[in-house]
Amino acid sequence: MTDIKICGLSTPETLDAAVDAGATHVGFVHYEKSPRHVSLEQAAKLRRRVPESVKLVLVQVAMQPEPLARAYEAIRPDVIQFHGSETPEWIRLVRDTVKVESWRSIGLRSAETLDNAKKFEGAADRLLFDAPAKALPGGNGVSFQWSLLDGWEPFMPWALAGGLTPDNVGEAIARTGAPLVDASSGLETEPGVKDIERIKAFCEAVRAADAA
Ligand SMILES: O=C(O)c1ccccc1NCC(=O)[C@H](O)[C@H](O)COP(=O)(O)O
């Protein structure tokens, strides 16, 4: 079964909807420039609603050590997503210090970017292939060329992100064989406002693709 991450959740209602619809991962974005930013206080409150069976992903962008440690203490995520220019050394250090699963997002622009991702082997636990950064480092609702993954042989766990919607996720899974899909903008009515019906439709589309 394909794992499902619903990212950029910021209200109890949409968080509960994602959990009820079968998300395996839920993401909170802690990045002030994002329309999906949640404060540590909000995130800590929302965190209590996440059942043990669902993994909570803290999405952050190149946070400095002290704020990152504070965020970790407040939220106790199951996963930290590194969505900036973080080096393999930094990710390894954080992972080994707090013993938390770590994902590195990679903005896939070319075959060369895919080759460069190799340097995160042994440092991150999963690669998250996303579209290249635009106005924001992530969460731009734009797909990259899935053909870049044609013939790619995974050397570590990975996930697919970038412009996924209820309408295209089935094709994305069939085309790439992604073991985990991650969506945010495609489930919104406006930036930062998640739509419960789209969350449900996305999870149903993933399950339909699994059954096909
Ligand atoms: O969502 C944001 O605003 C954001 C800001 C800064 C870094 C990452 C961010 N989001 C990450 C994600 O939502 C997903 O991991 C991924 O980028 C998919 O986004 P989308 O294309 O919107 O589905």
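Which residues surround the ligand, and which of them are the closest?

**View 1. The shell around the ligand.** The ligand is surrounded by 25 residues, of which Ser 34, Gly 138, Gly 139, Ser 184 and Ser 185 are the closest; a residue is near a molecule if its C-beta atom, placed from the backbone, lies within 6 Å of it. This is a predicted model, in which local features need pLDDT of at least 70 and side-chain atom pairs count only at pLDDT 80 or more, while totals for chains, interfaces and linings use all residues. Residues are numbered from 1 along each chain as its sequence is written.

**View 2. Helices H2 and H3.** Helix H2 (residues 40–47) packs against helix H3 (residues 65–75) at an angle of about 30°, and their axes are 8 Å apart. Helices are DSSP runs of H or I with at least four residues, strands are runs of E with at least two, and both are numbered from the N terminus. Axes are lines fitted to C-alpha atoms over the stretch in contact, and angles run from 0 to 180 degrees between N-to-C directions. H2 contributes Leu 40, Ala 43, Ala 44 and Arg 47 to the contact, and H3 contributes Arg 70, Ala 71, Ala 74 and Ile 75; residues are in contact if their C-beta atoms, placed from the backbone, lie within 7 Å.

**View 3. Ala 62.** Ala 62 is found in the loop between strand S3 (55–60) and H3. Its phi is positive, about 45°, although Ala 62 is not a glycine.

**View 4. Arg 76.** Arg 76 lies in the loop between H3 and strand S4 (79–82). Phi of Arg 76 is near 50°, a positive value in a residue other than glycine.

Methods:
Contact = placed C-beta atoms within 7 Å.
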